[in-house]
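Trainee: I would like to learn how to read a protein model feature by feature. Could we go through one together?
Mentor: Gladly; let us open it and take the features in turn.

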Amino acid sequence: MQSIQPQPSSTEENEIILGTGMGPLKFGATQDEVRALMGEPEEIEESEDDDEFEHQAWNYLEEGYSLYFDREDDYRLSCIETDHPGLRIFGQPIHGKSVDEIQELMRQNGLESTEVERMDTGETRLSYEKEMIDLYFDEDQLQFVNFGVFISDDLEVQWPS
C-alpha cells in the first residue's frame with residue numbers, strides 16, 4: 001500500500017486542459033498563487049543569458065513537474081513540463097502510450113499533429129503547434145509532455161478566463 005501524499009483537492013490534478021493548464025494549475029497564475037497551491041519548489045532555475053525568453057523554471061522533482069514563468073508575462077505561469085505517470089488528456093491516461101495511440105486520441109478530439117520529429121537524443125517529438133503541446137517519446141512510449149498557454153496568430157498570449 002502506498003503512502004498517501006497530500007494532493008490538490010481536484011480528483012483530476014493530472015488532467016491536461018489545452019491552453020488552460022493542468023488540474024488546479026491554471027496558466028496566468030502568479031508565482032504566489034502557484035506557491036499556495038504547490039508549496040515551495042525543490043529548485044528554481046533562471047534562464048541563461050542567451051535564452052530567447054527570460055524565465056524562471058520552478059522544479060517540483062518529486063511530483064515530476066517543471067513550471068515556467070516568463071518575465072515578459074510578468075512571471076505568470078505560461079508553460080508546464082511533466083513526466084507524471086498519472087498524466088491524462090481528454091480524460092484518457094497517456095503516460096507510456098505510443099505515438100500512434102496519442103495521434104489517434106488527438107484525432108478523435110479533432111486535433112491533427114503538425115510535426116513528428118526524431119531528436120538528436122534519440123527520442124521522438126510529436127507537436128501540435130496550434131494547441132501549444134509537445135509530447136516526447138522514447139522507444140515509442142510517451143515519457144513527458146510540455147504544454148503552454150495558447151498564443152494567437154499575431155503572437156498575443158491568450159490567458160484562460
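Trainee: Where is the place of Asp-140?
Mentor: Before anything else, keep in mind that this is a predicted model. Asp-140 sits in the loop between β12 and β13. Its backbone deserves a look, as Asp-140 has a positive phi of about 60 degrees although it is not a glycine. With a relative accessibility of 41%, Asp-140 counts as partly exposed.

Trainee: Which loop holds Tyr-75?
Mentor: Tyr-75 belongs to the loop between β6 and β7. Here too phi is positive, about 55 degrees, although Tyr-75 is not a glycine. Its relative accessible area is 25%, so Tyr-75 is partly exposed.

Trainee: And how do I read a helix? Which residues of α2 are buried?
Mentor: The general idea is to sort the residues by accessibility, where buried means under 20% relative accessible area and exposed means over 50%. In α2, residues 99-108, the buried ones are Val-99, Ile-102, Gln-103, Leu-105 and Met-106. Viewed down the axis of α2, these buried residues fall within an arc of 160 degrees, so they line one face of the helix. The face of α2 turned away from that buried side carries the exposed residues Asp-100 and Gln-108.

Trainee: What do the buried residues of α2 pack against?
Mentor: They pack against strands β8 (88-89), β9 (92-93), β10 (115-118), β11 (124-128), β12 (133-138) and β13 (141-148). After the helix comes Gly-110, with a positive phi near 80 degrees.

Trainee: Let me try the other helix in the same way. Which residues of α1 are buried?
Mentor: In α1, which spans residues 31-38, Gln-31, Val-34 and Met-38 are buried. They cover an arc of only 60 degrees around the axis, which puts them on the same side of α1. Asp-32 and Ala-36 are exposed, on the face of α1 turned away from its buried side.

Trainee: What covers the buried residues of α1?
Mentor: The cover includes β3 (25-26), β5 (55-60), β6 and β7. Just after α1, Gly-39 takes a positive phi of about 85 degrees.

Trainee: Now a single side chain, please. Is Gln-56 buried or exposed?
Mentor: For one residue, I look at its element, then its accessibility, then its partners. Gln-56 is part of strand β5. Its relative accessible area is 15%, so Gln-56 is buried. Its side chain makes a polar contact of 2.9 Å with the side chain of Glu-46. Another polar contact, of 3.0 Å, joins the side chains of Gln-56 and Trp-58.

Trainee: Which residues is Gln-56 in contact with, beyond its neighbours within four places in sequence?
Mentor: Among them are Gln-31, Ile-44, Glu-45, Leu-67, Phe-69 and Tyr-75. You have met two of these already: Gln-31 is one of the buried residues of α1, and Tyr-75 is in the loop between β6 and β7.

Trainee: How buried is Asn-59, in relative accessible area?
Mentor: Asn-59 has a relative accessible area of 3%, so it counts as buried. Asn-59 is also found in β5. Leaving out residues up to four places away in sequence, Asn-59 touches Pro-41, Glu-42, Glu-43, Glu-45, Tyr-65 and Ser-66.

Trainee: What does the side chain of Glu-15 reach?
Mentor: It reaches the backbone nitrogen of Gly-91, at 2.9 Å. Glu-15 lies in strand β1, residues 15-17, and counts as buried at 11% relative accessibility. Beyond four places in sequence, Glu-15 touches residues including Gly-21, Met-22, Arg-88 and Phe-90.

Trainee: Last, the pockets. What volume does the largest pocket have?
Mentor: For a pocket, read the volume, then the lining. The largest pocket has a volume of about 910 Å³. Its lining has 31 residues, and Phe-53, Met-132, Gly-148, Val-149 and Ile-151 lie nearest its centre.

Trainee: Which strands each supply at least two residues of that lining?
Mentor: They are β6 (65-70), β7 (76-82), β11, β12, β13, β14 (150-151) and β15 (157-158). By class, the lining of the largest pocket holds 13 nonpolar, seven polar and 11 charged residues.

Methods. Residues numbered from 1 in each chain as written. Predicted model: local features only at pLDDT ≥ 70, side-chain atom pairs only at ≥ 80, totals over all residues. Heavy atoms only, no water. Helix = DSSP H or I, 4+ residues; strand = E, 2+ residues; numbered from the N terminus. Buried < 20%, exposed > 50% of the residue type's maximum accessible area, 1.4 Å probe, protein only. Polar contact = N/O pair within 3.5 Å; in protein donor to acceptor, adjacent residues only side chain to side chain. Contact = heavy atoms within 4.5 Å. Arc of directions from axis to C-beta. 1 Å grid on protein atoms, 1.4 Å probe; cavity = no way out; pocket = protein on both sides within 12 Å on 5 of 7 lines; lining within 4 Å. Points joined across faces, edges and corners; volume = space filled by probe spheres on them. Nonpolar A, V, L, I, M, F, W, Y, C, P; charged D, E, K, R; others polar.
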